[in-house]
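The following exercises concern side-chain contacts in a protein model. Please work through each task before reading its solution.

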Amino acid sequence: MSLTDFRTLGRSGLVVSPLALGTMTFGTARWGSPDEVSEAIFNEYVDAGGNFIDTADVYAKGRSEELLGGYVAARRLRDQVVLATKFAFNAGPPGNPHAGGNGRKNIYRALEGSLRRLRTDYVDLYWLHAWDLVTPVSEVLQTLGDLVRAGKIRYFGFSNVPAWYAAQAVTLAAAHGAPGPIALQLDYSLVERNIEREHMPAARALGLGIAPWSPLAGGFLTGKYQPTEAGGATGEGRLSGPNPFGDQLFIDQNWQILAVLRQVAQEAGLPLAQVALAWVMAQPGVTAPILGARTVEQLRDSLASLHVHLTAPQLHALDQASAPTPAYPYPIFTPAVNQSIFGGATVRGW
């Protein structure tokens with residue numbers, strides 16, 4: 001596989017590479033990349049054939065969008081690349097609720113700013129960055145649908161939302177013949193598999209693509225951290241990042257998953273990161289994991305995962321080690337219950 005093994009994002013006509021370039025490190029002075037390195041990362045990705053680039057209005061307070069817009073313009077790639085950005089988080093002065101959220105007022109404000117920083121008159125994919133808990137899904141659909149019809153955005157998707165919210169949006173859009181979301185951007189990796197309970201089945205049923213963010217769990221699955229006797233961790237980046245998860249990753253279960261990942265990687269003769277990414281890409285419904293990189297070398301290492309083919313035993317070992325704890329109501333759906341429902345017969349779906 002390569003970056004030019006394109007696929008559509010969900011049940012849409014938007015054609016994307018199998019790995020997206022995330023740009024949260026662009027313009028982030030404390031733990032991100034210097035501007036010249038960010039440009040080198042961008043060039044490395046597009047020169048390898050990649051076309052799917054993801055940012056957000058709040059990354060480096062808009063600096064990520066500014067840099068990305070400049071890189072795209074300098075190489076005249078606007079018609080070639082899929083530019084994706086996000087709205088939701090507050091980007092204004094404290095005390096102004098209309099500088100954030102998913103209401104119509106903020107969506108228009110946020111998009112105008114993103115278009116200006118990206119040096120473009122439209123966005124290919126506009127992500128709702130997070131559920132705000134208050135805005136009705138009907139208002140979000142009406143607003144984003146208006147922007148699609150106005151040509152300001154081509155498609156939209158949802159990130160960090162409940163599965164029921166996404167299902168409600170798709171259903172309402174279909175019932176009214178209106179534009180609906182085409183994809184979900186969700187936290188997914190060997191140490192975060194909770195979306196397998198509701199989001200992934202919903203996405204398959206509703207035709208939504210899945211673009212996992214943090215498929216390496218903030219670098220945890222690269223093996224750069226080591227456990228301490230006190231229950232914490234040491235390693236490169238421990239205090240200065242980038243690790244948006246704080247200490248929540250440093251738990252016994254995750255260290256056990258990492259140990260199995262090490263075993264599989266050693267058997268395959270590959271870096272841990274490549275094996276962890278290959279596992280994510282092998283999961284049903286995953287369209288394009290979003291890669292973050294602070295150096296060109298990190299990006300190259302991640303892109304090499306496109307050529308990794310894990311064996312069935314290797315996938316099984318990783319599946320077993322990282323399996324999420326079953327949650328109600330799924331534990332009750334056993335073969336015995338199936339037979340009880342159907343009078344002793346075993347019935348399988350199509």
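**Exercise 1.** How many salt bridges does the count come to?

Solution. The structure is a predicted model, in which local features need pLDDT of at least 70 and side-chain atom pairs count only at pLDDT 80 or more, while totals for chains, interfaces and linings use all residues. Residues are numbered from 1 along each chain as its sequence is written, and side-chain values use heavy atoms, with hydrogens and water left out.
A salt bridge is defined as a side-chain nitrogen of Lys or Arg within 4 Å of a carboxyl oxygen of Asp or Glu. Under this rule, the count is 10 salt bridges.

**Exercise 2.** Determine which parts of the chain the salt bridge between Arg75 and Asp47 links, and classify the exposure of both residues.

Solution. Step 1: the closest N and O atoms of Arg75 and Asp47 are 2.7 Å apart.
Step 1: elements are assigned from DSSP runs and numbered from the N terminus, helices (H or I) having at least four residues and strands (E) at least two. Arg75 is located in the loop between helix H2 (63-74) and strand E5 (82-87), and Asp47 belongs to helix H1 (residues 35-47); these distant parts are 28 residues apart.
Step 2: buried means under 20% relative accessible area, exposed over 50%, and partly exposed in between (1.4 Å probe, protein chains only). Arg75, at 35%, is therefore partly exposed, whereas Asp47, at 56%, is exposed.

**Exercise 3.** Are Asp124 and Arg78 buried or exposed, and where does each lie?

Solution. Step 1: a salt bridge joins the side chains of Asp124 and Arg78, with an N to O distance of 2.9 Å.
Step 1: Asp124 is part of strand E6 (residues 123-128) and Arg78 of the loop between H2 and E5, so the bridge ties together parts 46 residues apart in sequence.
Step 2: both residues are buried.
Step 3: Arg78 also lies over the face of Tyr122, 4.1 Å from the ring centre. Here, a charge sits over a ring if NZ of Lys or CZ of Arg is within 6 Å of the ring centre and within 35 degrees of the ring normal. Arg154 likewise lies over the face of Tyr122, at 3.8 Å from the ring centre.

**Exercise 4.** Which residues does Leu144 touch, not counting residues up to four places away in sequence?

Solution. Step 1: contact means heavy atoms within 4.5 Å.
Step 1: on that basis, and with residues up to four places away in sequence not counted, Leu144 touches Phe87, Ile107, Tyr126, Ile153, Phe156 and Phe158.
Step 2: Phe156 and Phe158 are also linked by ring pairs into a cluster with Trp131, Trp164 and Tyr165.

Key
Rings of Phe, Tyr and Trp (its six-membered ring) pair if their centres lie within 6.5 Å; planes under 30 degrees apart count as stacked, over 60 as edge-to-face and the rest as tilted.
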